[in-house]
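Hi,

Here is the structure I promised to send over. Have a look first, then read on for what turned up.

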Amino acid sequence: MDKMKRFIDCGVSTFACNLRCHYCYVAQNFLFTQKVPKFKYSAEHIGKALSKERLGGVCMFNICATGETLIPQEVIDYTRAILAEGHYVMIVTNGMLKKRFEEFAEFPEDYHKRLFFKISYHYLELKRLNKFDLFFSNVDLIKKMKASFTIEVTPSDELIPYIDEMKKVSLEHLGALPHITVARDESKPDYPLLTKLSKEDYIKTWGQFDSMMFDFKIKVFGQKRKEYCYAGNWTWTLNLITGTMKQCYKTNFFANIYKHPNKPLKFVNIGHGCKAPHCHNAHAFLCFGAIPELETPYYYELRNRVCADGSEWLQPEMKAFMSCKLNEVNEEKHPKKDVFINWIYSGIYNVAMTARTLLKKVDKKYKANEVHK
């Protein structure tokens with residue numbers, strides 16, 4: 001049975017999307033665009049840069065775009081290249097692009113066993129566009145190819161009047177209720193809950209779905225992590241287009257791992273240096289075991305459902321791979337050099353941000369003077 005060496009969260013910086021969900025972080029920041037960025041590297045190059053040998057073992061990749069992940073053709077090609085290396089891949093999608101799922105269906109059977117779709121159930125958009133048949137037919141296609149999937153809802157105040165209706169549709173088509181995530185307001189620096197409800201009412205409203213994912217996420221939401229974290233080594237983030245590797249979302253140490261795919265990678269634990277107000281995607285990083293001293297559920301428990309007919313959303317191979325922690329493969333070490341490296345890069349980062357702020361002020365003042373001339 002495969003054991004997970006690392007969890008790599010891959011971002012795809014495209015704002016193109018075929019839906020307009022009001023609670024989306026793209027909508028919050030008015031970033032919608034239909035432009036698809038240029039992918040500089042070939043799929044073959046990506047496979048070499050992310051080989052099992054270079055990464056030290058079999059890894060779990062999560063691929064998520066700022067908009068809809070499956071719009072760029074390159075995402076399909078990159079996914080195939082990563083699967084060809086023996087890794088496992090999770091893809092975040094709204095489940096609407098039938099052509100893309102038909103392309104995945106053409107992958108080898110062994111690839112399907114290591115492929116997992118995290119499908120967002122954007123109920124109000126499906127209702128507005130009358131696209132329920134398309135959505136559920138794509139889910140059926142995933143079932144037929146024997147890949148794994150999960151259905152999740154982003155809770156919003158606007159959706160509350162439709163909860164009973166949404167439950168009924170889900171049970172009729174899926175034989176199970178969707179999981180519930182936790183929405184955050186990314187327009188504010190501390191990323192609070194995206195709701196007008198009190199936290200108590202928020203939990204009462206969305207806790208009725210009996211979703212372990214919601215239960216865990218809301219439990220740790222807003223908690224500043226002070227334990228020793230292995231992000232930057234056991235887990236890290238990767239810009240799938242550019243190859244920029246970072247320890248985590250709010251950290252400073254980074255490198256481009258595509259430029260020299262034959263060179264070994266350097267890993268630096270973030271340790272006690274986390275700068276985030278709370279672990280933004282705790283359900284993945286913490287449940288995979290980035291902080292081994294924390295007791296957390298296994299990741300599969302947050303994603304799987306047993307349906308009315310006895311079937312499960314997770315295939316056996318994927319369920320087994322999600323049923324391990326990163327410290328089962330990796331050795332727990334607290335190297336002193338990590339503290340020094342984080343300190344150095346923190347200083348460089350702070351200087352750079354100060355310079356950037358000053359330059360913006362100078363530029364703004366210059367433009368204002370030009371206007372008054």
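**The cavities**

The largest cavity has 19 lining residues, and Cys-229, Ala-231, Cys-248, Cys-274 and Cys-279 are the ones nearest its centre. A cavity here is a set of points on a 1 Å grid over the protein atoms alone where a 1.4 Å probe fits but cannot get out, and lining residues have an atom within 4 Å of a point. The largest cavity holds about 170 Å³, a volume being the space filled by probe spheres set on the points, with grid points joined across faces, edges and corners. Its lining has 12 nonpolar, four polar and three charged residues; Ala, Val, Leu, Ile, Met, Phe, Trp, Tyr, Cys and Pro count as nonpolar, Asp, Glu, Lys and Arg as charged, and the others, Gly among them, as polar.

The second largest cavity comes to about 70 Å³. Cys-279 is in its lining as well, and so are, among others, Arg-184, Lys-217 and Phe-221.

A word on the basis: this is a predicted model, where local features need pLDDT of at least 70 and side-chain atom pairs pLDDT 80 or more, while totals for chains, interfaces and linings use all residues. Residues are numbered from 1 along each chain as its sequence is written, and side-chain values use heavy atoms, without hydrogens and water.

**The strands**

Strands are DSSP runs of at least two residues (E), numbered from the N terminus. E1 (residues 6-12) runs parallel to E2, with seven bridges; two strands pair if DSSP finds at least two bridges between them. Gly-11 has Cys-64 in E2 as its bridge partner.

Cheers

Notes. Helix = DSSP H or I, 4+ residues; strand = E, 2+ residues; numbered from the N terminus. 1 Å grid on protein atoms, 1.4 Å probe; cavity = no way out; pocket = protein on both sides within 12 Å on 5 of 7 lines; lining within 4 Å.
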